[in-house]
Amino acid sequence: MKLIYKEELESTQRYSKELLKNGERNFVVMAERQSFGNGRRGRKWISPNGGLWFSFICEKSEQLPDELVYFSTLAIGVATKKAIESYYNCELKIKWPNDILLNNKKICGIICEKVEDYLVFGIGVNTNFLKAELEKYSILATSLMSETGKIIDNRLLMQEIVEEANQLLKMPKGDIVSELNRYLAYKGENHYITYLNGMAEIIEVDENGNLIVFDSGERKRILAGEII
Ligand code: BTN
């Protein structure tokens, strides 16, 4: 896989989609900082120097049903969690569908977009900068450096994530779900669920990757949205 490295980009995700349109394949794009990082749901992703900001595309599959796209985003979350843990001596949790938390605070965000028959994954890990960089923008996330005091080699972590991802993406759906359930954040706790516009108890992820919650004594399936 070819590494395209830039000091600054608006967004590695946007750049990757342009490269894909221009016929480039088999690459990973990494930037030292992003001036307009893309988060999910049209949000901006703050990407200062020191963090790991990269995007890559997944091998083309014959057809790409929506279900596969969805499971791939879950698989990438599990893969990223494992890779980060192998560099830091800490235990991470996954907030459904694929935010990664350390001490209940977000340290990594993942976006997965379908472009024709390709999946473009964008991963942002708050590695080597202090959480004060995020607090300036009233963002309640944290950084691995603030939580652990450790500085790591972003390129090595990026390679580890891509390797783990390639393995996880080949795993059967059931195995991805059991991994996700093992590391699921907030189990047994009440949280606000955007899909329900209200609080519910987090139970587990089902065989289709949906979140199962208890809402007023009723078991409900959450197909989309977020836990706040
Ligand atoms: C989220 O909203 O949680 C997803 C954030 C994804 C951010 C990463 S940083 C690298 C890549 N380039 C982008 O513009 N976004 C993703």
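The following legends describe close-up views of a predicted model.

The model is predicted, so local features need pLDDT of at least 70 and side-chain atom pairs count only at pLDDT 80 or more, whereas totals for chains, interfaces and linings use all residues. Residues are numbered from 1 along each chain as its sequence is written, and side-chain values use heavy atoms, with hydrogens and water left out.

**View 1. Strands E9, E10, E11 and E12 form an open antiparallel sheet.** Strands (E, at least two residues) and helices (H or I, at least four) are DSSP runs numbered from the N terminus, and two strands pair if DSSP finds at least two bridges between them. The order across the sheet is E9-E10-E11-E12. Strand E9 (190–193) and strand E12 (218–222) each have a single partner strand and stand at the edges, so one side of each is left without a neighbour in the sheet. On average, neighbouring strands of this sheet are turned by 50° against each other, direction ignored. Strand E11 (residues 211–215) pairs with E12 over 5 bridges in the antiparallel sense. Val 213 stands opposite Lys 220 in E12.

**View 2. Helix H2 (residues 66–87) crosses helix H5 (residues 154–168).** Two packed helices are described by the angle and the distance between their axes. The axes of H2 and H5 come within 8 Å and cross at roughly 140°; axes are lines fitted to C-alpha atoms, for helices over the stretch in contact, and angles run from 0 to 180 degrees between N-to-C directions. H2 is therefore oblique to H5, a term for angles that are not under 35 degrees (roughly parallel), over 145 (roughly antiparallel) or 65 to 115 (roughly perpendicular).

**View 3. Strand E6 (residues 99–102) and strand E7 (residues 105–115) form a hairpin.** The two strands run antiparallel and are joined by 3 bridges. Leu 102 has Lys 105 in E7 as its bridge partner. The hairpin has 2 residues between the strands, and Asn 103 takes a positive phi near 50°.

**View 4. E7 also pairs with strand E8 (residues 118–125).** This antiparallel pairing spans 8 bridges, and Gly 109 has Gly 124 in E8 as its bridge partner. In the hairpin of E7 and E8, with 2 residues between the strands, Glu 116 takes a positive phi near 50°.
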